Amino acid sequence: MTAGPENEQVSQGQTATMSTPSLTPSQLVTALQRKQSHWVTEIIEAYGEVTAVVPRVHIVDVCTALKSGADAKFDFLADLCGVDRGVEEEPRFEVNYHLFSTTKHHRLRLKVLLNESNVHVPTVTGVWRTANWHERETFDLFGVVFDGHPDLRRILLPDDWQGYALRKDFPLRGYEPYSLK
């Protein structure tokens, strides 16, 4: 028997083992959507990246499934960030979760869409501890509230700062007394 990507060289007393091909992020999200149709509302594939749009109420369940699933193993939350799509857009805000599997070498983005009137989303600090800092930064700069977060307070701006500096309706020069007149 010859060595190849599908099998290993057979020596005396050993049996050939077939390696199973790993699923792509797109296949993983599609399988998750088939199992729990309400967990993923849309799958977007563009520029070699996969994004799954997840309703806010299911983000913890989806993250837990993707972290602990045998085929997925998304064990690293590489980034979590907010996006303000503009005051004329509704839903106005996004929270993007950038996941990475250190064993499967897959990347996946999860996206939660939030209306301006309700910027609450459950925390995923129980899934990945590193979410603590990412969620605090997103809260500080965009005003997204992570329900259940163990210590949701400003992380970059002073405690008495008014507003959210990365919102598109924030004045370019800030508010008094932080203005650069």
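1. How do the residues of the lining of the largest pocket divide into nonpolar, polar and charged? In this predicted model, the lining comprises nine nonpolar, three polar and two charged residues.

2. The volume of the largest pocket is about 210 Å³. Its lining consists of 14 residues. Those that lie nearest the centre of the pocket are Leu-28, Leu-32, Lys-35, Ala-65 and Gly-69.

3. Helix H1, spanning 25-35, and helix H2, spanning 59-68, each contribute at least two residues to the lining. The greatest contribution is that of H1, which provides five residues.

4. The second largest pocket has a computed volume of about 170 Å³. Its lining is formed by Pro-25, Gly-48, Glu-49, Val-50, His-98, Leu-99, Arg-107, Leu-108 and Arg-109.

5. Which strands each supply at least two residues of the lining of the second largest pocket? They are strand E2 (49-53), strand E4 (93-100) and strand E5 (107-114). E5 accounts for the largest share, namely three residues.

6. As to residue classes, the lining of the second largest pocket divides into four nonpolar, two polar and three charged residues.

Technical notes. Residues are numbered from 1 along each chain as its sequence is written. This is a predicted model: local features need pLDDT of at least 70, side-chain atom pairs count only at pLDDT 80 or more; totals for chains, interfaces and linings use all residues. Side-chain values use heavy atoms; hydrogens and water are left out. On a 1 Å grid over the protein atoms alone, a cavity is a set of points where a 1.4 Å probe fits but cannot get out, and a pocket is an open set with protein on both sides within 12 Å along at least five of seven lines; lining residues have an atom within 4 Å of a point. Grid points are joined across faces, edges and corners, and a volume is the space filled by probe spheres set on the points. Helices (H or I, at least four residues) and strands (E, at least two) are DSSP runs, numbered from the N terminus. Ala, Val, Leu, Ile, Met, Phe, Trp, Tyr, Cys and Pro count as nonpolar, Asp, Glu, Lys and Arg as charged, and the others, Gly among them, as polar.
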